[in-house]
Structures are given as structure tokens and as C-alpha cells.
Amino acid sequence: MISFLLSILALVLGYLFYGAFVDHVFGPDRFRKTPAIEKQDGVDYIPLPNWKVYMIQFLNIAGTGPIFGAIMGAKFGPASYLWIVFGCIFAGAVHDYMCGMLSVRHGGQGFPDLVGDYLGPRTKQVMLVFSIILLLLVGTVFVYSPALILGDIAGDGTRSSIMLWVGIIFCYYLIATLLPIDKLIGKIYPVFAVTLLFMAAALMVYLFVLWPSLPEVWDGLGGWSDKAGLEHQPIFPCLFITIACGAISGFHATQSPLMARCIRNEKMGRPVFYGSMITEGLVALVWAAVSSWFFFDGGAAQVGSDITAAAPTVVTKVSENWLGLAGGVLAILGVVAAPITSGDTAFRSARLIIADFVKLPQKDIYKRLAIAIPLFAGSAVLLWFNIEDANGFNVIWRYFGWSNQTLAVFMLWTATVYLVKARGKSWYLVTLLPALFMTSVCVTFILVDKIGFRIPQVAAPWIGLGTFVISSILFYLWKTKKSGK
């Protein structure tokens, strides 16, 4: 529990001090008009109250990642605490802040357009396709996972019960994707955000009361994955792909521009973009601690389960056992709300990215439908071909995990190029270092994992180190060439 408490303190201090430093590096201008003011259209560009923008941003990025990812990541032991803390402060929150603020500065541009401005038109085209595929995967996964939980709660978990909830969630997604952002999302997201935060706070209080004997950082970082049944999966690179949304997630690069179109003042960038990610890190820390108790302190047996339980089962068993019926229902609703409220904005982001690319204004409903209907049809096909095979969804999730972090890599490099060009000095180090690290993670993972090239795991550290060095050299050569010009 000491490592857990120190981790919470570190996240708070990270927001107060490093968040202020990152804000200073970017240099927000309180007098500059934001896209919400300059480009109001009554649909996507709408100035919203600051507290509401923060709540929506938090719920946009807080899908099942900080919960399910933290549960699976906890199997790596106390290393999960370190990744959540350092990843969140120095990578994830920086990533979200830079993406959101760059979008504000560029008229509410989406992720592919931002990449194109700084990494070139060819990279923009690749990221356009990459983003749409990722968002379709997010929407599909975030249809199925809440439907699975709701099917277990309301029915017997049969295929017909799950498919009923899939249909209901799909209908909601379509409505939320088409309506102006202040009509549905702006009204219900704050309620769901409070539910999710209540869940995390209630579990944290119970942790303090229970005060379990959790693995501490000084107990060592290796060997815990074997005890939790991960079959020798190494911390590098697997942990950094498993825990994404609680540390750094490229999916957030597709979400931050949504609120960049609603923020009233640039000075709100730090609490909205950096602060939301820190809040998500706190939620992930709570679930990592709860899961450490579940996997390593006899918690599984105490709630009538075992350490091989899937993440949704861990959520259900722990919530019902710790918080009682009422608290358990609220906690489970929070877990259900998180993916649903990320799934709908995933489709909304995909609609806006495509609309920007084809230059189709979205004020008229029929123009929104022209883009939304093919998107939902593609997601439905993907869902249909994998609904019968649970392993099919495992494969989708693994590809999603890698593509998600790869998206973050491109956003970090985009921000690095921006800082080199716009700020000078060595300010670019705040994004360069996480860009180098995450590049190493993603290259190593796709080379050694079974969904990739299956190079023996023993080569992983050397591949990571080599990628880091080569990327550093290439960046230095580019910067030197630019300085010469």
C-alpha cells in the first residue's frame, strides 16, 4: 500500500509542477480567440462551460483502458504503478495536452491534419487511414465489452441477450454521433463522469479500510507475471502496450480535438487536457491496486473467483463484494458507461476526420448521415465476423493495443517537430524523450509478439535499444539539416 500511496502523491505533484512546466513550454494565450468562438456552427464548434469540457474530455478518454488495462497490467506486479505514474506525467498527459492545444491553435484541426502539417502530406494520408481503422476498432470493442457486462447483469449472458444490448448500444452511438455535441453528450457525460469517479473513490476508501498486503516496488519488479499466469510475458514491451489509457494512449489524439472545438480560453488547456489524463491515471492506479490484492493477496479466493478471471469478472466480483448491492451497481454502471462514452465519441471523431478530409461541412443532418452510415456498417460487419469467436476479439484487442500506441508515437513526433519550429531552445525534449521511448516500445512489440513477426523474446531489449538509438540519430540529423537551412 505504501507504493500505491506514493504513486497517488506523485500524480498530484506531477500535475501541479510538471503540468505547469509543460503549459509554460507551449505558451497559451488567454486573449487568442479559440475555434469554439471563431467557428461556431451549432453542431461541433460550440463553446461549453469549463467544468463541462473537463468532464467530457475525461469521459472521452476514459474507456475500458484505465480499468481493464490496469487490471491486466497489475499482473506485472508493482511495475504497473511505475508505468502509470511516469507514463501519465511525462508521456500521456503531455501527449493529450499538446494534441489538444495544437488543435486549438490550428482552428480545431483533427489528428491527421495536425500530423500532415508537421510530418508531411504522405504521413497525413497514412494517419488518416490508420485513425479511421483505430476508431472503428475502438467503436467495435466498446460495443461488445459493455454489452457483455449488461448481458450478464440483465440476463443470463447468452448470445441473444448480448446481441440485444449490442443493438441498443449501436442505436445510442448513432444518435450521439449525429446530434450536436451539447444536446446529448454535453448533458449526460457529466453524470457518467461522476459515476466513474464515485466508483474509483469508493474503491480507494475500501482499500484504505482493508489495507491489504500489496506487492511493493522494493519487492522487485520481475517474476510477478508468472505468478499471475501470464506465461513469461516480459515487462518490456508487453506492459507498455497492456496499460495504455492509464498511462499514454494514441486514441486520445482523436478525442482531444473534439474538446478543442468547445474550449473557451487557451488557459483552460492545462486542466482540461493535462488534468483529464492525470485523473484517468488516478482511476488506473486504483484498479491496479485492487487487482494486486485480487491476484497476489488472496483476493480472488475471498470474492469467490480465481486469478485466471477475465477483467470484467474482476470488476463484477470486487464491486459486489466490497461495495454491496447499491455500490456495486453504481460501480458496474461506471465501468459500463466508460466504454460506451468512448465508443460514441470514437464514431464522432471518425465522422469529423472524414468530413475534414473530403471537405464536407457537417451542419446539415443528411451530410452527417452520409458519413456515419458507412462507418456503422463497417463496425457491424467487423462485429458480426467475430461475435462467435471470443479469441477473435482477443486478436482485435491486441491489434488495437499496438495501433493505439503507434498513433501516440506519431502525435508525439508531431508535437516534437512543432516545438522545434515554434519554440526553439531545448523545449522539444518534453515530447522527444517519450516519442523515442514509445517508438522503441511499438517497434519491439510488433517484431516479437505473436500478432507480429514472432522474433524470440530474448531479442526484445536489444531491439528496443537499437530503435531508440537509431530514432535519436535520425532526429538529430533532421534537426541539424533544418538548422542549416
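**Exercise 1.** At roughly what angle do the axes of helix α9 and helix α13 cross, and within what distance do they come?

*Solution.* The model is predicted: local features need pLDDT of at least 70, side-chain atom pairs count only at pLDDT 80 or more, and totals for chains, interfaces and linings use all residues. Residues are numbered from 1 along each chain as its sequence is written, and side-chain values use heavy atoms, with hydrogens and water left out.

Step 1. Helices are DSSP runs (H or I, at least four residues) numbered from the N terminus. Axes are lines fitted to C-alpha atoms over the stretch in contact, and angles run from 0 to 180 degrees between N-to-C directions.

Step 2. Helix α9 (residues 185-210) and helix α13 (residues 269-296) cross at roughly 45 degrees, their axes coming within 10 Å. α9 is therefore oblique to α13. Angles under 35 degrees count as roughly parallel, over 145 as roughly antiparallel, 65 to 115 as roughly perpendicular and the rest as oblique.

Step 3. Contact means heavy atoms within 4.5 Å. Among the residues making it are Leu203 and Leu207 of α9 and Trp287 and Trp293 of α13. The contact residues divide into 13 nonpolar, one polar and no charged. Ala, Val, Leu, Ile, Met, Phe, Trp, Tyr, Cys and Pro count as nonpolar, Asp, Glu, Lys and Arg as charged, and the others, Gly among them, as polar.

**Exercise 2.** Describe how α1 packs with α5.

*Solution.* Step 1. Helix α1 (residues 2-26) and helix α5 (residues 79-105) have axes 10 Å apart, at an angle of about 30 degrees. α1 is therefore roughly parallel to α5.

Step 2. Residues of α1 including Phe4, Leu11 and Tyr18 meet residues of α5 including Ile84, Phe90 and Met98. This contact of α1 with α5 has 17 nonpolar, three polar and two charged residues.

Technical notes. Helices (H or I, at least four residues) and strands (E, at least two) are DSSP runs, numbered from the N terminus.
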